[in-house]
Amino acid sequence: MSGDTDTNERLLYADRLVRISLRMPLRDPRTTPHLLFTPGSAGPVIALVGEIDVSNCEALTRALTACRAGGGHVTVDTGRLTFIDLAGLRALIMPALPAPQRWVRLRNVTPYQERLLHLIGWLYELDPEPDSAAPQATP
């Protein structure tokens, strides 16, 4: 259970570098016994703490995929990541998919992460419905 009284947290994966957990809104089992996320809810939020690199990006991909069971978007909070390499960025950004088909949404992107995304040309790839006036970078 996290410190937030409206959510609970479930550990999905942990190793010596990273902790991947799912933050879920608390639900009344009498009204939504089978639903984790009701229609119109923000959907799952994955919290990343630590470092994502080639050694654990596969676990990140599995966690993201498992949390997308309903077919909607998955929000990933990257604010407590201290390091991410290209393999980790690929798991989050999904550059092989056209922007409208990407289902991961980033939250709390740090200035370091934003700069890294800008340097490799993926900063504009984050918005699934980009402003037509904004330049479109391709990986």
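**Figure 1. A polar contact of 2.9 Å links the side chains of D77 and N108.** A polar contact is a pair of N or O atoms within 3.5 Å; within protein, one atom must be able to donate a hydrogen and the other to accept it, and residues adjacent in sequence count only if both atoms are side-chain atoms. The model is predicted: local features need pLDDT of at least 70, side-chain atom pairs count only at pLDDT 80 or more, and totals for chains, interfaces and linings use all residues. Residues are numbered from 1 along each chain as its sequence is written, and side-chain values use heavy atoms, with hydrogens and water left out. D77 belongs to strand 4, whereas N108 lies in the loop between strand 5 and helix 3. Helices (H or I, at least four residues) and strands (E, at least two) are DSSP runs, numbered from the N terminus. D77 counts as buried because its relative accessibility is 8%, and N108 counts as partly exposed because its value is 46%. Buried means under 20% relative accessible area, exposed over 50%, and partly exposed in between (1.4 Å probe, protein chains only). Leaving aside neighbours within four places in sequence, D77 is in contact (heavy atoms within 4.5 Å) with R23, V45, I46, A47, L48, R107 and N108. N108 is not a glycine, yet its phi is positive, near 60 degrees.

**Figure 2. D85 caps the N-terminal end of helix 2.** D85 sits in the loop between strand 4 and helix 2. A side-chain oxygen of D85 lies 3.1 Å from the backbone nitrogen of A87. D85 counts as buried because its relative accessibility is 18%. Not counting residues up to four places away in sequence, D85 touches I52, D53 and V54. The C-alpha atoms of D85 and L116 are separated by 9.3 Å, although these residues are 31 apart along the chain.

**Figure 3. Helix 2 and the residue that follows.** Helix 2 spans residues 86-93, and its buried residues are G88, L89, A91, L92 and I93. An α-helix has 3.6 residues a turn, so residues three or four places apart point the same way. Just after helix 2, M94 adopts a positive phi of about 55 degrees, although M94 is not a glycine. M94 is placed in the loop between helix 2 and strand 5. M94 is classed as buried because its relative accessible area is 13%.

**Figure 4. The largest cavity and its lining.** On a 1 Å grid over the protein atoms alone, a cavity is a set of points where a 1.4 Å probe fits but cannot get out, and lining residues have an atom within 4 Å of a point. Grid points are joined across faces, edges and corners, and a volume is the space filled by probe spheres set on the points. One cavity of 30 Å³ or more is counted, and the largest cavity has a volume of about 60 Å³. The lining consists of T78, L81, I84, L89, L92, L106, V109, Q113 and L117. Strand 4, helix 2 and helix 3 are the elements that give two or more residues to this lining. Strand 4 gives the most, with three residues. By class, the lining residues divide into seven nonpolar, two polar and no charged. Here Ala, Val, Leu, Ile, Met, Phe, Trp, Tyr, Cys and Pro count as nonpolar, Asp, Glu, Lys and Arg as charged, and the others, Gly among them, as polar.

**Figure 5. G72 in the context of the protein chain.** G72 is found in the loop between helix 1 and strand 4. G72 is classed as partly exposed because its relative accessible area is 37%. G72 and V104 are 32 residues apart in sequence, and their C-alpha atoms are 9.0 Å apart in space. The protein chain contains three helices and five strands, and from the N terminus on the elements run β-β-β-α-β-α-β-α. Of the 139 residues in the protein chain, 37% are buried. Among contacts between residues at least 6 apart in sequence, 60% join residues at least 24 apart. The accessible surface of the protein chain (Shrake-Rupley method, 1.4 Å probe) comes to about 8,200 Å², and 55% of this surface belongs to carbon and sulfur atoms.

Key: 1 Å grid on protein atoms, 1.4 Å probe; cavity = no way out; pocket = protein on both sides within 12 Å on 5 of 7 lines; lining within 4 Å.
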